[in-house]
Each structure stands twice: as structure tokens, then as C-alpha cells.
Amino acid sequence: MNDMPKFLQRINQDLWLVEDERENMKISYRIKDVIFSAQSEFQHVMILDSYDFGRMLVLDGVVQTTSLDGHIYNEMITHIPLSIHPNPERVLIIGGGDCGAAREAAKYDGVKHIDMVEIDEMVVKVCKEHLPAVSGNLADPRVHFIYADGMEHVKEMKNHYDVIIVDSSDPIGPAKQLFEYDFYRNIHDALKEDGLMVCQSQSPLFHREIMEQTVKHIKQLFPIHKIYTATVPTYPGGFWSFTLGSKKHQALPEEPFDKKTKYVNDAILRTCFELPEFLRTK
């Protein structure tokens with residue numbers, strides 16, 4: 001490869017993506033092929049074909065989702081809030097350029113409208129074309145792609161959405177503002193009086209301070225606030241948290257979970273809020 005994309009290294013004739021995870025850990029993936037590589041207006045975007053995880057979306061050198069386990073994250077960030085809300089009709093997804101969360105939300109017949117606000121159009125285009133295991137080449141007419149700043153979008157919305165899903169990348173670059181208090185306050189105002197939201201809140205072990213900050217913001221705004229977790233092998237440590245904030249609803253439905261999924265089932269739905277001891281006080 002004459003013009004090797006940045007973030008990739010040649011080690012003993014093999015091509016590797018070496019992801020820097022803070023100062024004390026690196027995560028390395030052996031790569032078969034570079035499917036796509038370009039600099040967008042906002043970040044460097046790659047689709048790589050790896051040996052163990054299959055095709056993966058990489059933004060600024062950090063793996064976002066993979067063909068192997070992307071369904072776990074997307075199902076958990078979507079089906080939990082959409083199962084708790086008794087009648088979710090209008091859904092907002094902020095971020096989620098891989099289209100996986102929108103793909104899961106579209107499995108609910110009662111959902112009438114899904115706004116997917118992604119700042120980087122390139123991410124959506126390349127995932128629909130080159131990462132079908134995650135995106136499913138999403139083309140549901142209820143999904144409306146809005147290429148804009150998610151923070152600016154929610155500022156304009158008041159009492160509008162039933163469920164808001166914040167599917168952000170790590171709090172660096174264009175996603176940094178999606179972890180700040182003002183953003184969550186605007187989300188609160190954009191929700192209807194019985195609305196609820198969920199966001200990914202990073203690793204409880206490696207990013208404890210980010211998770212605690214997220215929980216603190218949501219606790220200040222929503223009377224109901226809960227952490228739930230899942231195992232996502234791609235992410236540092238494999239142990240990942242999500243934080244839910246709700247104005248009214250918290251009960252799970254009496255009827256069994258019946259959506260076609262690869263990870264979430266009725267047992268997962270009803271046990272994901274059971275936390276290890278060190279998280280129970282949060």
C-alpha cells in the first residue's frame with residue numbers, strides 16, 4: 001500500500017490499526033484491507049476489514065462499531081428505552097451515523113417518525129454502502145436524515161419527542177459537546193411531558209469520571225434516572241454503561257419482548273438494570 005492512511009501501522013509486514021486508549025493502554029487490530037479512507041469536514045473516516053471483528057467503522061483512529069458486535073450496542077441503546085415508553089411515536093437519534101440504532105427503532109410499528117441527526121454525512125453514506133452488517137443499508141421512509149449539529153437541533157425543539165437516543169462517539173472532537181449539562185437540559189426540554197432519553201455513558205471502569213458526570217447531569221434533570229450495562233467486546237474493557245433519564249415512565253412492559261434481535265431478549269431486558277455493587281450507589 002503506497003499511500004497508507006494515517007492511524008494504520010505496518011508491523012512485521014501486517015497492517016494494524018493501533019488505537020490509543022488514554023495513556024496506559026493500546027488496542028490493536030490486524031487489518032485485512034482498507035475499504036474506505038477519507039477526511040471529512042469533521043473527522044477522518046475509515047471502513048476497515050479486520051480479521052476478528054469483520055468490517056469496522058473507525059473515526060479519527062478510534063473504532064466505533066464492527067460487523068461482529070455492533071448489534072449489541074445498537075440493540076441495547078434502542079430497545080431498552082423503546083420498551084419502557086408505552087407509546088413511542090416520535091423518536092430522535094443524535095449521532096448514530098452507522099444507522100444501527102435507527103435500524104432497530106424502525107422495528108417498532110408504533111413509531112411513526114424517526115429523526116436521525118448526524119453531523120457528518122460522510123459517515124452515513126459510507127456505512128450504508130460499506131457496512132451493511134450494521135446499517136442494513138437503511139431505507140425506511142419513517143427515518144429522516146438530518147445532517148446537522150445535534151446540540152443545535154435539540155435547542156430548537158420543545159415538547160416534541162417521545163424518546164431521544166444519544167448515540168454519540170467518545171467525548172472528543174465533534175462529540176464533546178454531547179456530554180455537557182446544557183445539552184442534556186435541551187434534551188429534557190425537547191421531550192414531551194412523559195418523554196425519556198438514553199445515552200451511552202462509557203466504561204464504568206476505564207471512563208468512570210465521564211460516566212459519573214453523565215449520571216450527575218441526568219439526575220439533576222430527570223426524576224427517574226437509571227444505569228444499565230452490556231458487554232460490547234469492541235469497547236475498552238468490554239463492559240459498557242448506558243444512562244436512562246425519564247420524566248414519568250420506568251416500568252417494563254408486561255408482555256414479553258418480541259422483536260427480532262441478535263442480543264436483546266426478554267431476559268436481557270429485565271435484568272440489564274441489575275448492577276454490580278460498585279455501581280449501585282450511582
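Glutamate 121 and lysine 125 both belong to helix H3 (residues 121-130), where four residues, about one turn of the helix, separate them; helices (H or I, at least four residues) and strands (E, at least two) are DSSP runs, numbered from the N terminus. This is a predicted model, in which local features need pLDDT of at least 70 and side-chain atom pairs count only at pLDDT 80 or more, while totals for chains, interfaces and linings use all residues. Residues are numbered from 1 along each chain as its sequence is written, and side-chain values use heavy atoms, with hydrogens and water left out.

**Exercise 1.** Find what glutamate 121 forms with lysine 125, and state how exposed each residue is.

*Solution.* Next, take the accessibility classes: buried means under 20% relative accessible area, exposed over 50%, and partly exposed in between (1.4 Å probe, protein chains only). Glutamate 121 counts as partly exposed because its relative accessibility is 34%, whereas lysine 125, at 52%, counts as exposed.

**Exercise 2.** Locate the partners in the salt bridge between lysine 192 and aspartate 162, and classify each.

*Solution.* The closest N and O atoms of this pair are 3.5 Å apart. The pair links distant parts of the chain, since lysine 192 lies in strand S11 (residues 191-200) and aspartate 162 in strand S10 (residues 161-167), 30 residues apart. Lysine 192 is partly exposed at 23% relative accessibility, but aspartate 162 is buried, with a relative accessible area of 4%.

Technical notes
Salt bridge = Lys/Arg side-chain N within 4 Å of Asp/Glu carboxyl O.
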